[in-house]
Amino acid sequence: MKRLISIFATLIFIQVAVFAQKQIPAAPADFDVNQENIPHGKIDTIQYASKTVGTNRKATIYFPPGYLKTKKYPVLYLLHGIGGDEKEWLNGGKPQVIFDNLYAAGKLAPMLVVMPNGRAMQDDRATGNIMAPDKVAAFATFEKDLLQDLIPYVEKNYPVFKDREHRALAGLSMGGGQSLNFGLGNLDTFAWVGGFSSAPNTKVPAELLPDPAKAKTMLKLLWISCGDNDRLLNFSQRTHEYLVEKNVPHIYYVEPGVHDFKVWKNDLYLFSQLLFKPVDQAAFQKYSLNP
């Protein structure tokens with residue numbers, strides 16, 4: 001009987017160990033809870049002249065705690081979904097709280113975070129039929145606005161680095177598709193790219209990354225994530241499969257969840273900690289449940 005108990009206990013231990021090995025990282029329970037007794041960053045709204053759209057456009061910007069105008073910073077451009085605007089992340093994702101907590105824990109490289117309106121058109125409000133063809137097309141137009149109007153404005157008015165290795169681009173849903181399309185399509189501009197639950201606007205893989213060899217040499221980090229019960233998972237899955245086929249290093253992170261901010265906040269928590277630091281590609285595998 002003792003021998004049977006011992007064998008049974010050993011089997012349970014092995015199962016638990018195997019299960020533990022397959023656990024993917026996740027944010028702790030209090031990662032998005034405001035802490036009063038730590039330094040806090042600053043949030044501001046900026047306006048920039050958009051030659052692309054022909055009007056002044058708004059973006060929200062987060063400055064890290066201890067921000068100094070005499071110091072240079074890298075920049076993360078963080079994009080919203082089809083029903084959002086430059087305030088969607090603030091309203092639904094608490095990025096300022098997440099970042100403040102990460103800075104307090106010493107886990108984040110100092111950076112500016114710019115949250116623009118990715119709907120590049122004269123009336124860029126998320127009103128009426130947000131799926132109207134002109135509004136959907138405006139998300140593609142934003143590529144020109146981002147590259148030719150917003151980034152030059154930020155680099156002229158704030159103490160930031162102006163090279164690709166100090167620029168990151170990431171977003172959720174429609175903004176995830178934008179980030180993959182624009183980031184991988186402009187490797188001379190961005191070295192860090194992340195797509196959270198990327199939407200159907202994501203280009204097909206061969207069009208998204210026609211030169212995998214170039215991507216291997218130029219990308220610091222390519223992050224693709226999605227909830228396991230998200231109806232848009234197939235868009236991330238097909239991109240991942242193409243990258244595996246072409247041997248392009250990347251993180252493919254499938255987590256419990258659907259198409260909502262619970263998933264996207266967790267993604268931002270994990271993704272942001274990797275930015276503007278030395279990259280260990282061997283550690284990419286820990287984000288995947290696949291062997």
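Student: What share of the contacts between residues at least 6 apart in sequence joins residues at least 24 apart?
Tutor: In the protein chain that share is 75%, with contact meaning heavy atoms within 4.5 Å. Keep in mind that this is a predicted model, where local features need pLDDT of at least 70 and side-chain atom pairs count only at pLDDT 80 or more, while totals for chains, interfaces and linings use all residues. Residues are numbered from 1 along each chain as its sequence is written, and side-chain values use heavy atoms, leaving out hydrogens and water.

Student: What makes the radius of gyration agree with a compact globule?
Tutor: The rule is 2.2 Å times the number of residues to the power 0.38, with the radius taken over C-alpha atoms. For 291 residues a compact globule would come out near 19 Å, and the protein chain has 20 Å, so the two agree.

Student: How much of the protein chain is buried?
Tutor: Buried residues, meaning those under 20% relative accessible area (1.4 Å probe, protein chains only), make up 50% of the 291.

Student: Why is H4 called oblique to H5?
Tutor: The axes of H4 (residues 133-157) and H5 (residues 174-185) come within 11 Å and cross at roughly 45°. That makes the pair oblique, because under 35 degrees is roughly parallel, over 145 roughly antiparallel, 65 to 115 roughly perpendicular, and the rest oblique.

Student: Which residues of H4 and H5 meet?
Tutor: Val 136, Phe 139, Ala 140, Phe 142, Glu 143 and Leu 146 in H4 meet Met 174, Gln 178 and Phe 182 in H5.

Technical notes. Axes fitted to C-alpha atoms, helices over the stretch in contact; angles between N-to-C directions. Helix = DSSP H or I, 4+ residues; strand = E, 2+ residues; numbered from the N terminus.
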